[in-house]
Amino acid sequence: MKRTLAHATRIALLVPALALGGCLSLGAEPPASLLTLTPSATAEAGQGTQVTNANAVWIFTPETPAKLDVLRVPVQVSDTEIAYLQDAFWVEKPARLFRRLMGEAVRAKGGNLVLDSDNTPLVADRVLRGTIREFGYDASSNSVVVQFDAIRSVAVGEGQDATEQIETRRFEMRESGILPEAADVGPALNRAANEVADQVAQWVLE
């Protein structure tokens, strides 16, 4: 009798718990789709290169301001106000997506080894780092904006005569006439990011 009563008590406690569980949500519903960056030019399959310091390019993950260190697309509403575009979510943070995009742009030029990890045992004569300043939508001009402040360092000479040349350059691409909708902003950002990545690749290989 005691065993039956104890069993009934456990069932009685379980039923409210199950009912409550049906009312709980463990997180927000996932978005219907996610944005990503797709390279407009890629290296051919099977294409390889001999590994040397001279033809290696080390690409670091760019720095970003706080507004870009998220999975959302920022909207510049005014000089002092920022919002985020509704229903627009990146598959991962823009800095990592853009680093891989630049890496693929360099690979597509041919003959270069791209190190697109922040940690590598190899040494590269060319190093690319920088900061993504803008990677979103400007409401005042109905345009997407990609702005990247790049830093290129190139090893010159050998041994005691070796030096490092450092140069900086700002790259920017805007595309206007874009509606503030995820379906329009996503592809436009992809086009702008590819244009900037191609310009950066040409510059870092000069």
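Q: Why does Asp87 count as exposed in this predicted model?
A: The relative accessibility of Asp87 is 55%. The term exposed applies over 50%, and therefore Asp87 counts as exposed. Asp87 is placed in strand β3.

Q: Why is Asn142 called partly exposed?
A: Its relative accessible area is 38%. Buried would require a value under 20%, and exposed a value over 50%. The value of Asn142 falls in between, so the residue is partly exposed.

Q: How do we know whether Thr131 is buried or exposed?
A: The relative accessible area of Thr131 is 17%. Since the limit for buried is under 20%, the conclusion is that Thr131 is buried. This residue of strand β5 is in contact with Glu63, Thr64, Gln147, Phe148 and Asp149, leaving aside neighbours within four places in sequence.

Q: Why does Ala56 count as buried?
A: Ala56, in strand β1, has 2% relative accessibility. That value is under 20%, so Ala56 counts as buried. Not counting residues up to four places away in sequence, Ala56 touches Leu113, Val123, Ala124, Asp125 and Arg126.

Q: How far apart are Ala56 and Leu122 in sequence and in space?
A: They are 66 residues apart in sequence and 8.8 Å apart in space, taken from C-alpha to C-alpha.

Q: What makes Phe98 and Phe135 stand out in the largest nonpolar core?
A: Phe98 and Phe135 have the most contacts inside this core, which has 40 residues. The elements that give two or more residues to it are β1, β2, β3, α2, β5, β6 and α3. The largest share, twelve residues, comes from α3.

Q: How do we know whether Phe98 and Phe135 are buried or exposed?
A: Phe98 has a relative accessible area of 0%, and Phe135 is at 1% relative accessibility. Buried means under 20%; both residues are therefore buried.

Q: Which residues does Phe98 contact, leaving aside its neighbours within four places in sequence?
A: They are Leu37, Pro62, Ile132, Phe135, Phe148, Ala193, Val196 and Ala197. A second, separate core of six residues includes Trp58, Phe60, Ala124 and Val127.

Q: How many aromatic pairs does the structure hold?
A: It holds five aromatic pairs.

Q: Why is the pair of Phe98 and Phe135 called edge-to-face?
A: The ring centres are 6.0 Å apart and the planes stand at 65°. A pair requires centres within 6.5 Å, and edge-to-face requires planes over 60 degrees apart. The two values meet these limits, so the pair is edge-to-face.

Q: Why does this pair tie together separate parts of the sequence?
A: Phe98 lies in helix α2 and Phe135 in strand β5, so the pair links parts that are 37 residues apart in sequence. Ring pairs also join Trp90, Phe98, Phe135 and Phe148 into a cluster.

Q: Why can the charged end of Arg129 be said to sit over the ring of Phe60?
A: The charged end of Arg129 is 4.4 Å from the centre of the Phe60 ring.

Q: In which sense do β6 and β7 pair, and over how many bridges?
A: They pair in the antiparallel sense over 14 bridges. Ala155 stands opposite Glu164 in β7. The two strands form a hairpin with six residues between them, and Gly157 in the turn has a positive phi of about 85°.

Q: How many helices and strands does the protein chain have?
A: There are three helices and seven strands.

Notes
Residues numbered from 1 in each chain as written. Predicted model: local features only at pLDDT ≥ 70, side-chain atom pairs only at ≥ 80, totals over all residues. Heavy atoms only, no water. Core = buried A, V, L, I, M, F, W, Y, C linked by side-chain atoms within 4.5 Å. Buried < 20%, exposed > 50% of the residue type's maximum accessible area, 1.4 Å probe, protein only. Helix = DSSP H or I, 4+ residues; strand = E, 2+ residues; numbered from the N terminus. Contact = heavy atoms within 4.5 Å. Pairing = 2+ DSSP bridges. Phe/Tyr/Trp six-rings, centres within 6.5 Å; stacked < 30°, edge-to-face > 60°. Lys NZ or Arg CZ within 6 Å of the ring centre and 35° of its normal.
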